[in-house]
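Please look over the sequence and the structure shown here before reading the notes that follow. They are arranged by topic, so that each part can be checked against the picture in turn.

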Amino acid sequence: MLIFESPAQLLADALQLASRAVAQRDQVPSLTGVLLRASEGELELTATDGELAIRTAVRAEVSSQGTVLVPARTFSDLLRLVPAQAEVEFRGLEGQVGIRFLRSRFDLPTLRSEEFPPLDFTPEGDPLLVRGDGLKDLVRKTIYAVSARDDGRLFTIGMQLGVRDGHLTAAATDTHRLAWARTPVEGGTEEKDILVPARPFAEIVRILPDEEVEVFLNPSRLIVRTSAMTMYITAIRAQFP
């Protein structure tokens, strides 16, 4: 059994953040959920749509450690009913969780946690240190050149990121337009390139703080890490022209 208590506002904010990676419509039900994992003094929330993954954590008073997968939309709607300063008590059983606050109690069916895909947020190599507002500027200057639809040429819906001469570069093209921009980074003397889906990358960047964040350009994925969360996006297996 999973048992924990957490302030409603902290839990709601963390859920809102993790839910950005939840699949809105998917034939795999587990991808529409948020995985809750409680350990000593902390509740970890993880979500993925198979392409984008987000993990964050909040402090919690944990009485019994465990893991449960809850439907993200239903859980979010329920938390909107809870006063911000109230404490939420959460008890997870097989197939169902009970949520209590003040004098109210709700029962919420769970999803099959064993069907949630294994996710590895461990980066490889040293991080690039780059400002969040610099990444937002990269997206703003290049996203317009990304194709609005998938025409079978995967590079047209992607953004090519690379490390060159102390800068992180971004390029995009729909074959009619080409956009390129760069922003300063610290670290990362080795030249690297990775092609990532542009729209999910823009979604990641939009929620970043303006201060310095860590970015890892690994062969199969891009990892972005802040003090509050870790996110990754799977690379596109295609050649950028």
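In the largest nonpolar core, which has 69 residues, Phe75, Phe90 and Leu222 touch the most other members. Helix H1 (residues 8–18) gives this core its largest share, namely six residues. Apart from it lies another core, of nine residues, which includes Leu35, Phe116, Phe121 and Tyr232. The model is a predicted one, and the points below should be read with that in mind.

**The cores and Phe75**

- In soluble globular proteins, nonpolar side chains tend to be buried together.
- If neighbours within four places in sequence are left aside, Phe75 is in contact with Leu11, Leu15, Leu36, Val70, Phe90, Ile99 and Leu108.
- Phe75 also belongs to an aromatic cluster, which it forms together with Phe4 and Phe90.

**Aromatic pairs**

- A search of the whole structure finds five aromatic pairs, and two of them, Phe4 with Phe90 and Phe101 with Phe106, are described here.
- The ring centres of Phe4 and Phe90 are 4.8 Å apart and the ring planes stand at 15 degrees, so this pair counts as stacked, the cut-off for stacking being under 30 degrees.
- Because Phe4 lies in strand E1 (residues 2–7) and Phe90 in strand E7 (residues 87–93), the pair ties together parts that are 86 residues apart in sequence.
- Phe4 has a relative accessible area of 0% and is therefore buried, and Phe90, at 0% relative accessibility, counts as buried too.
- For Phe101 and Phe106, the ring centres lie 5.9 Å apart with the planes at 10 degrees, so this pair is stacked.
- Are the two members of this second pair, Phe101 and Phe106, buried or partly exposed? Phe101 is buried, with a relative accessible area of 6%, whereas Phe106, at 30% relative accessibility, counts as partly exposed.

**Strand E2 and its partners**

- Strand E2 (residues 33–39) is mostly covered, since five of its seven residues are buried, and buried means under 20% relative accessible area.
- E2 runs antiparallel to strand E6 (residues 66–71), and six bridges join these two strands.
- E2 also pairs with strand E3 (residues 42–48), again in the antiparallel sense, and this pairing extends over five bridges.
- Leu35 can be followed on both sides of the strand pairing, for it stands opposite Leu69 in E6, while its bridge partner in E3 is Thr46.
- The hairpin of E2 and E3 has two residues between the strands, and within this hairpin Gly41 takes a positive phi near 75 degrees.

**Arg221 and its surroundings**

- Arg221 lies in strand E16 (residues 221–225), and because its relative accessibility is 11%, this residue counts as buried.
- Not counting residues up to four places away in sequence, Arg221 touches Asp120, Phe121, Thr122, Ile194, Phe216, Tyr232, Ile233, Thr234 and Ala235.

**Thr173 and its surroundings**

- Thr173 has its place in strand E12 (residues 167–173) and is buried, with a relative accessible area of 9%.
- A polar atom of the Thr173 side chain lies 3.0 Å from the backbone nitrogen of Thr175, and the side chain of Thr173 also reaches the backbone oxygen of Arg177 at 2.6 Å.
- With residues up to four places away in sequence not counted, Thr173 touches Ala145, Phe155, Thr156, Leu178, Phe240 and Pro241.

**Asp77 in helix H2**

- Asp77 lies in helix H2 (residues 72–79), and with a relative accessible area of 39% this residue is partly exposed.
- The side chain of Asp77 makes a polar contact with the side chain of Arg80, at 2.4 Å.
- Asp77 and Arg59 are 18 residues apart in sequence, and in space they are 21 Å apart from C-alpha to C-alpha.

How values were computed
Residues numbered from 1 in each chain as written. Predicted model: local features only at pLDDT ≥ 70, side-chain atom pairs only at ≥ 80, totals over all residues. Heavy atoms only, no water. Helix = DSSP H or I, 4+ residues; strand = E, 2+ residues; numbered from the N terminus. Buried < 20%, exposed > 50% of the residue type's maximum accessible area, 1.4 Å probe, protein only. Polar contact = N/O pair within 3.5 Å; in protein donor to acceptor, adjacent residues only side chain to side chain. Pairing = 2+ DSSP bridges. Core = buried A, V, L, I, M, F, W, Y, C linked by side-chain atoms within 4.5 Å. Contact = heavy atoms within 4.5 Å. Phe/Tyr/Trp six-rings, centres within 6.5 Å; stacked < 30°, edge-to-face > 60°.
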